[in-house]
Amino acid sequence: MSENIEDYVILDDEPISLISKLKKIPMTYYLVGVNVIVFLLIHITNFLIADNWLLVQLMKNTEAIALNGEIYRLFTAIFTHVDLYHIFFNCMALIILGKPIEQILGKWKFLIIFLVAGLFGSLASFIFSANNAIGASGGVFGLFGVHFYLLMINKKVYLKVFGNEIFKLLLINVVIGFLVPNIDYYGHFGGILGGFLATLSLGLGHKLKANKNLIVGMLLTCILFSGSLLYFDHNYQICRDGLDSYIDQANDAINRNDLLDLKETRAALKGSIPLLPPVPEADFILDQIDEIIEKAE
């Protein structure tokens, strides 16, 4: 009786390709990886080129965006960190909040939501704050926006699965944002809004599908970003262009001891300052003029 030797040979499974392995890695970890790489590059360039050279190129800078048109900063700021504790807590929050959402919506929807939320956070920071800003906080807070959407579509199921712990965590972070200095809470609220709107546009399920909400969401987002940048850039430019003239007028009034003229110059300067975005140089000049007027009176 003949036997087939293949019946006794244990064959190894076909090896999994590198590409297949990479596809199985959650998008959450890729985003963490990008943040870590940028963090390391910033500190490497500190040694090789100059301190904070790369940081200055990547951060959200209102003046650079408004006067030089460096809109890319709205995107690069999302992945930029300089302090170890900052990147650590943002990446931990991204992993803790991101993995369950990625499991629900899929990696590509999760990526889109994170990026849209981060961009909304950067735009809100640009509009409402003159301070430089960096960090993934806008994208991370956008994940809270996803939870608002999930709660909205089915409150009973949401509370059964997640409870209300997520919103307790959100409340704690909001309070911290107001109490701790140098935290860009404008970017946080912008991120929440962006995350909610992105999820509303994409809907549930892993597959990306063109639908009415997605098309409307894309159009509204394009209008919001382009309109905001054009409007606020224009106002910022006009105010900055007129500052030197107001400084000369104020100095001339001071040299002539003309308090009335100085007050009129102050009023004109005040009227030229746009409500948004803030122009810190103009506010500084106003404060100086106020001090001089107060002493003169």
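1. Asp-261 and Arg-256 pair through their side chains in a salt bridge, 2.5 Å from N to O. The term here stands for a side-chain nitrogen of Lys or Arg within 4 Å of a carboxyl oxygen of Asp or Glu. Arg-256 also bridges to Asp-258, with the closest N and O atoms 3.1 Å apart. Taken with Asp-252, these residues are linked in a network of salt bridges: Asp-252, Arg-256, Asp-258 and Asp-261. As for cover, Arg-256 is partly exposed because its relative accessibility is 42%, and Asp-258 is partly exposed as well, at 25%. The classes used throughout are buried for under 20% relative accessible area, exposed for over 50%, and partly exposed in between (1.4 Å probe, protein chains only).

2. A word on what you're looking at. This is a predicted model, where local features need pLDDT of at least 70, side-chain atom pairs count only at pLDDT 80 or more, and totals for chains, interfaces and linings use all residues. Residues are numbered from 1 along each chain as its sequence is written, and side-chain values use heavy atoms, with hydrogens and water left out.

3. How many salt bridges are there by this rule? The count comes to eight. Another of the pairs to look at is Glu-70 with Arg-73, where the closest N and O atoms are 2.6 Å apart. Glu-70 is partly exposed, since its relative accessibility is 21%, while Arg-73 sits at 5% and so counts as buried. As background, side chains of opposite charge can pair when their charged atoms come close.

4. Now for a charge without a partner. Glu-102 is buried yet has no salt bridge, and the nearest side chain of opposite charge, Lys-107, is 5.1 Å away. Glu-102 belongs to helix 6 (residues 84–105); helices are DSSP runs of H or I with at least four residues, numbered from the N terminus. What does Glu-102 touch, leaving aside neighbours within four places in sequence? Its contacts are Pro-26, Met-27, Thr-28, Lys-107, Phe-110 and His-206, where contact means heavy atoms within 4.5 Å.

5. Over on the surface, Asp-283, Asp-287, Glu-291 and Glu-294 gather in a patch of negative charge. Patch members need over 30% relative accessible area and no salt bridge; like charges are joined within 9 Å, and nonpolar side chains (Val, Leu, Ile, Met, Phe, Trp, Tyr) within 5 Å. Each charge is placed at NZ of Lys, CZ of Arg, CG of Asp or CD of Glu. Glu-294 lies in helix 14 (residues 280–296) and counts as exposed because its relative accessible area is 63%.

6. There is a nonpolar surface patch too, of about 940 Å², made by Val-36, Ile-37, Leu-40, Leu-41, Ile-44, Phe-47, Leu-48, Ile-49 and Trp-53. The areas come from the Shrake-Rupley method with a 1.4 Å probe; for residues, only the protein chains shown count as cover. Which helix supplies the largest share of the nonpolar patch? Helix 2 (residues 27–48) does, with seven residues. Trp-53 belongs to helix 3 (residues 53–58) and is partly exposed, given its 39% relative accessibility.

7. Some backbone spots are worth a click. Asn-52, in the loop between helix 2 and helix 3, has a positive phi of about 60° although it is not a glycine. Asn-52 is partly exposed because its relative accessible area is 31%. Asn-257 also has a positive phi, near 55°, and is not a glycine; you'll find Asn-257 in the loop between helix 12 (212–255) and helix 13. Is Asn-257 buried or exposed? Exposed, because its relative accessible area is 69%. Then there is a cis peptide bond joining Leu-276 and Pro-277, with omega about -10°. Pro-277 is in the loop between helix 13 (259–272) and helix 14.

8. Lastly, two helix residues. His-147, in helix 8 (residues 137–153), is buried because its relative accessibility is 2%. Beyond residues up to four places away in sequence, His-147 touches Ile-101, Tyr-158, Phe-162, Ile-166 and Phe-167. Val-116, in helix 7 (residues 107–128), is partly exposed at 24%.

Definitions and conventions: Lys and Arg count as positive and Asp and Glu as negative; His and the chain ends are not counted.
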